[in-house]
Amino acid sequence: MKEYAYYPGCSLHSTGREYDVSLKSVCKLLDIEFREIKDWICCGSTPAHNISKIVSIALSVKNIELVKKMGAKEVVTPCVACFSRFKAAIYDLQNEEGLKDKLKKIMPYSDDEIKVLHPLEIFSQDEILTKINNIKKKDLSGLKVVCYYGCLLTRPPKVTRFDECEYPQTMDKILGSVGIVTLDWSYKTDCCGASFSLTIPEIVIKLSADILNEARLVGAEAIAVACPLCHINLDGRQADIKKAYHRDYEIPILYFTQLVGLSLGILSDKLLLDKHFVDTTRLLSVNKV
Amino acid sequence: MKLYPDFVIQIKGESHQDINLCYQCKKCTSGCPIAYTMDYTPAQIIHAIRLGLKELVLNSKTIWLCASCETCTTRCPQEIDLVKVMDVCKSLAICLRIKPKIKEVPIFYKLVLTNIRFLGRMYELGLIGALKLCTGNFMQDVNLGITMFKKGKLKLLPSFTFKGALTAMNIFNKAKKVK
């Protein structure tokens with residue numbers, strides 16, 4: 001049994017509930033256990049670093065300190081925004097002059113290193129891939145999917161150190177291991193508009209429409225994602241895209257954990273597939289999942 | 001337009017980025033997903049900072065339209081972190097009380113920070129309500145919100161812990177005193 005500290009972040013408790021539930025059910029089958037950080041606080045996401053750098057750093061470092069207090073050495077952050085903020089805080093503290101002194105005026109912290117991991121990094125380890133292969137119950141080889149990584153998993157590469165920054169393969173490798181055909185496409189790391197969904201939705205509608213359009217052009221039946229904000233933009237905005245551009249994509253957007261879960265034989269309602277905006281039942285029935 | 005020769009030094013000092021390394025290859029601009037709706041491209045903003053056009057930069061739509069997607073930062077051949085430059089411009093514009101060209105964005109950012117300050121965690125429904133009150137966009141995305149609520153993606157009550165909320169408040173209070 002492998003154990004990790006778990007930082008769900010705000011989204012996994014609300015807009016990205018399916019991600020939280022499906023991730024945990026899959027990990028249970030893979031003998032991976034998560035211990036949620038007690039009294040964790042929000043990482044500040046984009047708004048914090050946009051307005052106050054020191055607040056942004058302090059919020060992330062506070063959570064990292066809580067991980068150390070648990071005695072853990074690795075923390076899993078499924079939300080890509082949280083993953084990016086934690087990594088950026090660690091990087092800036094090491095590389096920016098005077099930042100450590102500023103932070104020390106706000107809170108004490110130690111220099112011990114903590115590894116920040118995205119679930120994709122755990123699932124793509126060879127031993128986990130072998131395990132997935134061994135306990136795989138369903139063949140999903142009929143399914144044609146494109147993997148969408150979004151902005152902050154790979155960027156900036158010197159900070160996140162996650163795969164190749166313009167054309168990552170980690171998710172493709174994981175989904176490929178359960179037989180899913182992952183197609184090549186050029187929008188893997190393009191921006192979906194992120195939090196502009198709340199302020200200038202027109203931007204999100206345009207950018208998400210471009211992503212869905214390319215997915216359709218290469219023949220994808222679904223898009224696999226690894227971030228709750230990308231999910232809500234690509235999934236929840238399809239009705240608005242239809243209204244704005246008269247294009248009806250109806251492409252189901254699934255978390256990669258839901259696809260792995262399906263192949264491991266977890267029932268679709270246990271993976272909360274019914275919580276998506278775009279119906280997933282047709283896709284699954286056509287492919288006999 | 002008034003020139004502020006020290007502007008580039010100020011931005012450089014706060015962002016820790018040497019903007020003078022920019023040779024205007026415009027890689028940042030060609031990769032920017034939002035450039036299509038900006039009033040000045042990212043490369044023009046960098047150039048304007050070097051020229052000391054402080055008012056133009058801080059009054060631009062561009063600084064508020066940057067989504068922090070990090071494409072420019074990743075691709076810049078001179079390794080200038082443009083997102084950090086945009087961040088500094090935004091906080092400077094707020095400090096100087098410059099009326100933003102796109103009002104919704106700074107209102108949203110400030111509301112998120114207020115939310116974290118008092119609860120320690122994001123309370124989406126409260127945040128959306130406050131955003132509507134502050135911007136007056138009452139009808140925007142009502143249907144989307146209702147569907148999300150029905151699907152259990154928005155919670156009626158905030159989820160937080162008292163200890164977490166206290167920690168967050170403490171961080172904000174102390175950060176105020178750190179320049």
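Let's start with a sheet in chain A. It is open, has 4 strands, and runs in the order β6-β5-β7-β8, with parallel pairing. At the edges sit β6 (181-182) and β8 (253-255) of chain A, and each of them pairs on one side only. One thing to keep in mind from here on: this is a predicted model.

How do strands hold on to each other in a sheet? In general, they pair through backbone hydrogen bonds, either parallel or antiparallel.

Now go to strand β7 of chain A. Strand β5 (residues 144-148) and strand β7 (residues 222-225) of chain A pair in the parallel sense, over 4 bridges. Look at the partners. Val146(A) stands opposite Ile223(A) in β7(A). Cys147(A) has Ala224(A) of β7(A) as its bridge partner.

Next, β8. The strands β7(A) and β8(A) run parallel and are joined by 3 bridges. Which residue of β8(A) is the bridge partner of Ala224(A)? That is Leu254(A).

What about the side chains? As a general point, side chains in a regular strand alternate between the two faces of the sheet. Here is the case in β7(A). Ala222(A) and Ala224(A) point one way, while Ile223(A) and Val225(A) point the other way. Are these residues of β7(A) buried or exposed? All are buried.

Move along to helix α13 of chain A, residues 228-236. Of its 9 residues, 8 are buried, so the helix is largely enclosed by the rest of the structure. The buried set holds Pro228(A), Cys230(A), His231(A) and Ile232(A). It also holds Asn233(A), Leu234(A), Asp235(A) and Gly236(A).

Let's step back to the whole of chain A. The chain is divided into domain 1 (2-119) and domain 2 (138-286). Their contact takes 23 residues from domain 1 of chain A and 22 residues from domain 2 of chain A. The C-alpha centres of the two domains lie 24 Å apart.

Thr46(A) is found in helix α3 (residues 45-51) of chain A. Why does Thr46(A) count as buried? Its relative accessibility is 14%, and buried means under 20%. What does Thr46(A) touch, leaving aside its neighbours within four places in sequence? Three residues of the other chain: Ala67(B), Ser68(B) and Tyr109(B).

That brings us to chain B. How many helices and strands does chain B have? The secondary structure comes to 11 helices and 0 strands. Read from the N terminus, the elements of chain B go α-α-α-α-α-α-α-α-α-α-α.

Now the overall dimensions. Along the principal axes, the C-alpha atoms of chain B fill a box of roughly 50 × 40 × 30 Å. Chain B has 179 residues, and 49% of them are buried. Take the contacts in chain B between residues at least 6 apart in sequence: 68% of these join residues at least 24 apart.

The accessible surface of chain B comes to about 9,000 Å². Carbon and sulfur atoms account for 60% of that surface.

Conventions:
Residues are numbered from 1 along each chain as its sequence is written. Chains are lettered from A and ligands numbered from 1 in the order in which they are written. This is a predicted model: local features need pLDDT of at least 70, side-chain atom pairs count only at pLDDT 80 or more; totals for chains, interfaces and linings use all residues. Side-chain values use heavy atoms; hydrogens and water are left out. Helices (H or I, at least four residues) and strands (E, at least two) are DSSP runs, numbered from the N terminus. Buried means under 20% relative accessible area, exposed over 50%, partly exposed in between (1.4 Å probe, protein chains only). Contact means heavy atoms within 4.5 Å. Accessible areas come from the Shrake-Rupley method with a 1.4 Å probe; for residues, only the protein chains shown count as cover. Two strands pair if DSSP finds at least two bridges between them. Domain bounds come from an automatic or database domain assignment.
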